[in-house]
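Thanks for coming. I will take a few minutes on one model, and you can follow along on the screen.

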Amino acid sequence: MFPYGAEYGKGYPASVVTTRDVLDMLSELARLTTLEEGSPQAFKVRAYENARAAIEASGLDVTKMTKAELMEIKGVGGATADKILEFVSTGKVAKLEKLRAEYPPSFVELARIPGLGPKTLKLIRSELGVEDLDGLKRAIAEQRLRTLPGLGKTSEEKIARAIERLGLHGKDRRTPIGEVLPLADSLAAELAELPGVTAAVPCGSLRRFSDTIGDVDIVVATTDPVPVMDHVASHRLATEVVGHGDTKTSILTRSGLQVDVRAVAPDQFGAAILYFTGSKAHNIALRQRAIDRGWLLNEYGLLDGEKTVASNTEEEIYAALDLPWIPPPLRENSGEIEAAASGELPDLVELEDIRGDLHYHTDRSGDGRSTLEEMVEAAVARGYEYVAITDHGENLAINGSSRQEMLAHRDRIREMEQRHGIRLFFGCELNIGPDGSLDYDPEFRSQFEFCVASIHSHFDLDRETQTARLLKAMADPSVSVIGHLTGRYIGRRPGVELEVDAVLEGLAATGVALEVNGSLDRLDATADVIRAAGRAGVTLTISTDSHHVSDLERMAYGVEWARRGWAARRSVANTMPLSDFEEWVNRRR
Ligand code: DGT
Ligand code: CA
Ligand code: CA
Ligand code: ZN
């Protein structure tokens, strides 16, 4: 059902540590270590993150390796190897347990708020006794934050605004999809392996590919529900069992995320996943269509009195209601049922349509972690016809490249193009300055064959200035696409404010494309903006912003997100065959 998922956790007995668990452990270790102050910590964080990425990219099972074997994986150091060994043999890592005790999830959550670095967090904790969001809100309401050294009225107000804009609401907080998807996919894959189970699918907002998730809803088709329920209730992810029944079990994970698992009979699976995928508004509208036909629609089936009209698959239920199957990302009752009824659903883009990636870094960028050759080989392995290599321009001081470095890079790119038989566009990710200016100069920029232009700083400028900034950048003839439109990080950084209509008008007029960024942390532009872009006739690109070979799989997320924005196949530039794509790129130059 999901385009992704197959690569995620293969399923594992609850008592045995898998490579996926090791990856999760390293992520958590990195995340919690960030909260510790000081530069050696930053070094450690990077070591954990690099090790995690290297292990994931290697595809190796690290649970049966010796220390020497672990350290043979490029990117895994001795200290990290020790932690992996400790985890595999005991199921725990002492260092992580210590960090968990020091930083409970309700405190960790505060680190998402811009302006609250480790130092400030430590201070508000020790001086004001702030332990969670509610405590922080209270301290702000009482104007106590501004009394601390290094803080003031301005930073207090800024933090208050960030809390509001991020929609952090304590108990009913929503979790960014990137923190939920791997866990839900791997749990579903695990349940699918249990005896009697024929299918297990994450439904709810996750299947609709919402960018934030309230809770996880997994539906399991099985002839034997009790072992499934017991398995979930005793799962190592569960820190609390909220409910444990014959057909429904709910647990809380350590971070406070609720997971509901429901078991249904295989012949009612279609009706159940339809119901639990929602959205509620979509369900209500569908139910009305059933009522109009004298029927009833619920989680057990489409019913005509005692008789079942359809229940096995979603397709059968939609068909009985005179509708084609509606893809889950569209199910928000925002016109999809009417469009489906009149045969006007968009011809949505699919993963198989994608012929190349257009936002792609190598270790030429300071934050890139795979070499050019590794990145090119990975693109070839995915069957791409073309890739735009877009390392950062010189203005991003730490990550950027000088003119000489870029020209040398171009030679290497040409060489790789020859060696690997794939069209490589010599490109750049230009940084958009606060006034809309770009890296290098017009003449130097004209040497690039494909440029993404993106905002990487000055997120607080007012709406008018931000809009003017983007309009100026897109007017430059070297620019083919605006990257990650607002610069948001889901749940962490709200992104710039824009006059969206003016920006879309500008894109349509200049022929510059709008990027759909497949990084689960970004998913930028938002789905509403993507949909509006379609109406305005703006061309899209779907890209991964890869910094490592393991990032290429984000293309599936980018496509799913574009579908949530109703993106039609023909509106996406990187579905074009190479010759058409070259023509499209050169139109502006
Ligand atoms: P979330 O968890 O807030 O991110 O959003 P959802 O959509 O996953 O919502 P959730 O978990 O409350 O419920 C999952 C699905 O179950 C929802 O999308 C539709 C269905 N559902 C839940 N409550 C109702 C209801 O009262 N009426 C109808 N028709 N459907 C419901
Ligand atoms: Ca849910
Ligand atoms: Ca739920
Ligand atoms: Zn980038």
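I will start with the domains, then turn to one interface, and finish with the metal sites.

First, some ground rules. This is a predicted model, in which local features need pLDDT of at least 70 and side-chain atom pairs count only at pLDDT 80 or more, while totals for chains, interfaces and linings use all residues. Residues are numbered from 1 along each chain as its sequence is written, chains are lettered from A and ligands numbered from 1 in the order in which they are written, and side-chain values use heavy atoms, with hydrogens and water left out.

The chain splits into domain 1 (14-102), domain 2 (105-172), domain 3 (188-341) and domain 4 (351-586). These bounds come from an automatic or database domain assignment.

Now domain 2 and domain 4. Their centres, taken over C-alpha atoms, are 34 Å apart. Where they meet, 5 residues of domain 2 are in contact with 7 residues of domain 4, contact being heavy atoms within 4.5 Å. Together they bury about 580 Å², of which 52% is on carbon and sulfur atoms. Buried area here is the accessible area (1.4 Å probe) that two parts lose on being put together, summed over both.

How many salt bridges are there between domain 2 and domain 4? The count is 1. A salt bridge needs a side-chain nitrogen of Lys or Arg within 4 Å of a carboxyl oxygen of Asp or Glu. Lys158 and Asp460 form a salt bridge, with their closest N and O atoms 3.3 Å apart.

Next, the metals. Donors are N, O and S atoms within 2.8 Å of the metal (3.2 Å for Na, K and Ca); water is not among the atoms, so sites may look incomplete.

Last, the calcium ions. Ligand 2 and ligand 3 are 3.8 Å apart, and Asp215 coordinates both.
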